[in-house]
Amino acid sequence: MEHINHHPAIVQPNSPLRRIPASFNVRQRAYFDGIVYSIEIADMAYRRLRETLWSISKRIDEDDDIQEYVHAVADAWLAIDSLNRLRALCMSAPLIAEAEYCRGFVQNLHPVKGMRNNVQHLDGRIDIMVRKKQPVWGSLSWAVVTDNPPTKARLHTLVAGSFRPGEHEMVDIGGRSFLMPVDAITLTAGGESLELSELMVATADFTALAEADLSQLIQPGEPYTRDLHLMTEVTFNDSQVPSGKLKITFS
């Protein structure tokens, strides 16, 4: 898949969110572990989504690739799920929950909760979706700039699955900044529309402010903890005697 222009990764390797001091208590570290991975998973899913939509956009005169549709829908919902998890964590995150920027971010993400809950309870909502003429997995809309200089664009909508009734809106790209070549990515499901592109910009803004807050609490050179990768080697024989599980314990 062709890689395209993206904003810088929201969380950089030297981010304070990646360098939580060992002096923070267990609860504080647990919250920030949850927050940083929620941000990074949403960012990863959104980047892949843009690349997939860009690939789909270029297949105007070619046979379509159903797997690309699956990839796009999967990453859109992965981003929604991660943003919803981030919303819940930020509501009571130690050290930052009461900050105005954090409360505002939680408010911006509030609509994500309803959309995420819709897809989590599909079995109980099928009849409602049929009655309201809503595709089960929703629809994805986006815009692609086709001219250089950018004076023309193509608007796309992907309706997931075979269910066709109802109206499906194209995105509106007037009067906005545009990250070429793909932007204004919008997920519509359960009668609601969320622009993922805007949500990811808001997430980047929130992250920068949270990092600035944390930087004030971290002393230069203070020891920190990070991801742990463990490895061991084993050998096999024909004794048919099962070995016990190897456990590594940290206190």
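Phe105 is buried, as is Phe206. Both residues belong to a predicted model. The mean pLDDT of the protein chain is 90. Of its residues, 96% reach 70 or more. Among the elements of the chain, helix H3 (residues 100–108) has the highest mean pLDDT, 98. Helix H5 (residues 122–131) has the lowest, 84.

Four residues of H3 are listed as buried: Tyr101, Cys102, Phe105 and Val106. They span an arc of only 135° around the axis, so they lie on the same side of H3. The face turned away from this buried side carries the exposed residues Glu100 and Gln107.

The aromatic pairs number 3. One of them joins Trp77 and Trp137. This pair is edge-to-face, with 6.1 Å centre to centre and 75° between the planes. Trp77 lies in helix H2, and Trp137 in the loop between H5 and strand E1 (139–145), so the pair ties together parts 60 residues apart in sequence. Trp77 has a relative accessible area of 9% and is therefore buried, the limit being under 20%. Trp137, at 39% relative accessibility, is partly exposed.

Phe105 and Phe206 form a stacked pair, because their ring centres are 4.4 Å apart and their planes stand at 5°. This pair links distant parts of the chain. Phe105 is in helix H3 and Phe206 in helix H6, 101 residues apart. Together with Tyr101, these two residues form one aromatic cluster.

Definitions and conventions. Residues are numbered from 1 along each chain as its sequence is written. This is a predicted model: local features need pLDDT of at least 70, side-chain atom pairs count only at pLDDT 80 or more; totals for chains, interfaces and linings use all residues. Side-chain values use heavy atoms; hydrogens and water are left out. pLDDT is the predictor's confidence in each residue, from 0 to 100. Helices (H or I, at least four residues) and strands (E, at least two) are DSSP runs, numbered from the N terminus. Buried means under 20% relative accessible area, exposed over 50%, partly exposed in between (1.4 Å probe, protein chains only). The arc is that of the directions from the helix axis to the C-beta atoms. Rings of Phe, Tyr and Trp (its six-membered ring) pair if their centres lie within 6.5 Å; planes under 30 degrees apart count as stacked, over 60 as edge-to-face and the rest as tilted.
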